[in-house]
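Me: I am new to this structure. Can you walk me through how to read a few of its features?
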Amino acid sequence: MIGLWAIAGGQGDVSRITQFTTAPDSSVFWSVMAATTLAFFAMVGFEDSVNMAEECKDPTRIFPKVLLAGLFITGAIYVLVSISAITLVSPSELGEGETPLLKVVQAGAPNFPLWIFGFITMFAVANSALINMLMASRLVYGMSREHVLPPVFGKVHPRRRTPYLAIAFTTLLAFCLIMFVGEVPALGGTTALLLLLVFTIVNVAVLILRRETVDHQHFRTPTFLPVLGAISCAFFAGPWTGRDPVQYKIAGILIGIGIALWIVTVLINRATGVKPAEPDMETLGGGGPTN
């Protein structure tokens, strides 16, 4: 709002919106690709929303519309913020330091108390971390119930009815990442990288699963969308976009942890005679993790 108010008042240089200035060793195309892979971090959370689809009365009809509307609104807000930033502050100044938006606020509203943004940042980071930690623990819990992770993660607290072991595991994993990596850009970039890889696999899975016939009503996407999604996500996950190599190392370690847990689960399943299968309402809980 500060940026739009300042632009409406005649501040800034609107012509910078159409200017593309790149480093001598880079082209406009690859600069845009690098920025796109970084901006993909803004989509973190939308993949978690599918876990809340069961809260809808008619998820087949309502949830796709809500999800696409949320993506469109979020994208529009980020575009407006980008326009405000580049109009009020030059690209060279935005690239300096780690708080570019504060420079935009200083340029658009010099008398605005900047200390407020400290509380806003703390609240936003804490809120995002809390949501992702909750969803991560529920994902681990759900995978345990489907016998693709060790059954211990499927245990719930006898009184609070929460997956406390899954919560403890994801919290410990998060603390380890913060302690051994420390750098927020590296963690954010790794999150975006892993999401791109996940979305690539999900789009391919859509093409495979749609061959199976089901009796219940379900949403069916046009064929070109998962094809385009798989190709674009795989492209943005590549090193040619200028991604920091350390992100691949962190992603490799996390994938290695997942593979190790999967191997342990396979050994447990063989010892107990359990086969991974999608649970239904009659066998939910079964001989594995209990609710």
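Me: Leaving aside neighbours within four places in sequence, which residues is alanine 251 in contact with?
Reply: This is a predicted model. In it, alanine 251 is in contact with Thr190, Leu193 and Leu194.

Me: Which residues make up the largest nonpolar core?
Reply: Ala251 is one of its ten residues.

Me: Cysteine 233: buried or exposed?
Reply: Buried means under 20% relative accessible area. Cysteine 233 has 10% relative accessibility, so it counts as buried.

Me: How does cysteine 176 count?
Reply: Cysteine 176 counts as partly exposed, because its relative accessibility is 30%.

Me: How many disulfides does a search of the whole structure find?
Reply: A disulfide is a covalent bond between the sulfur atoms of two cysteines. The search finds zero here.

Me: Now the surface. Which residues form a nonpolar patch there?
Reply: Leu197, Ile255, Ile259, Trp262, Ile263 and Leu267 form it. Together they have about 570 Å² of accessible area.

Me: Which helix gives the most to the nonpolar patch?
Reply: Helix α10 (residues 245-272) does, with five residues.

Me: Where is leucine 267, and how does it count?
Reply: Leucine 267 lies in helix α10. Exposed means over 50% relative accessible area. Leucine 267 is at 52%, so it counts as exposed.

Definitions and conventions: Residues are numbered from 1 along each chain as its sequence is written. This is a predicted model: local features need pLDDT of at least 70, side-chain atom pairs count only at pLDDT 80 or more; totals for chains, interfaces and linings use all residues. Side-chain values use heavy atoms; hydrogens and water are left out. A disulfide is a pair of cysteine sulfur atoms within 2.5 Å. Buried means under 20% relative accessible area, exposed over 50%, partly exposed in between (1.4 Å probe, protein chains only). Patches are made of residues with over 30% relative accessible area and no salt bridge: like charges are joined within 9 Å, nonpolar side chains (Val, Leu, Ile, Met, Phe, Trp, Tyr) within 5 Å. Accessible areas come from the Shrake-Rupley method with a 1.4 Å probe; for residues, only the protein chains shown count as cover. A salt bridge is a side-chain nitrogen of Lys or Arg within 4 Å of a carboxyl oxygen of Asp or Glu. Helices (H or I, at least four residues) and strands (E, at least two) are DSSP runs, numbered from the N terminus. A nonpolar core is a set of buried Ala, Val, Leu, Ile, Met, Phe, Trp, Tyr and Cys residues joined through side-chain atoms within 4.5 Å. Contact means heavy atoms within 4.5 Å.
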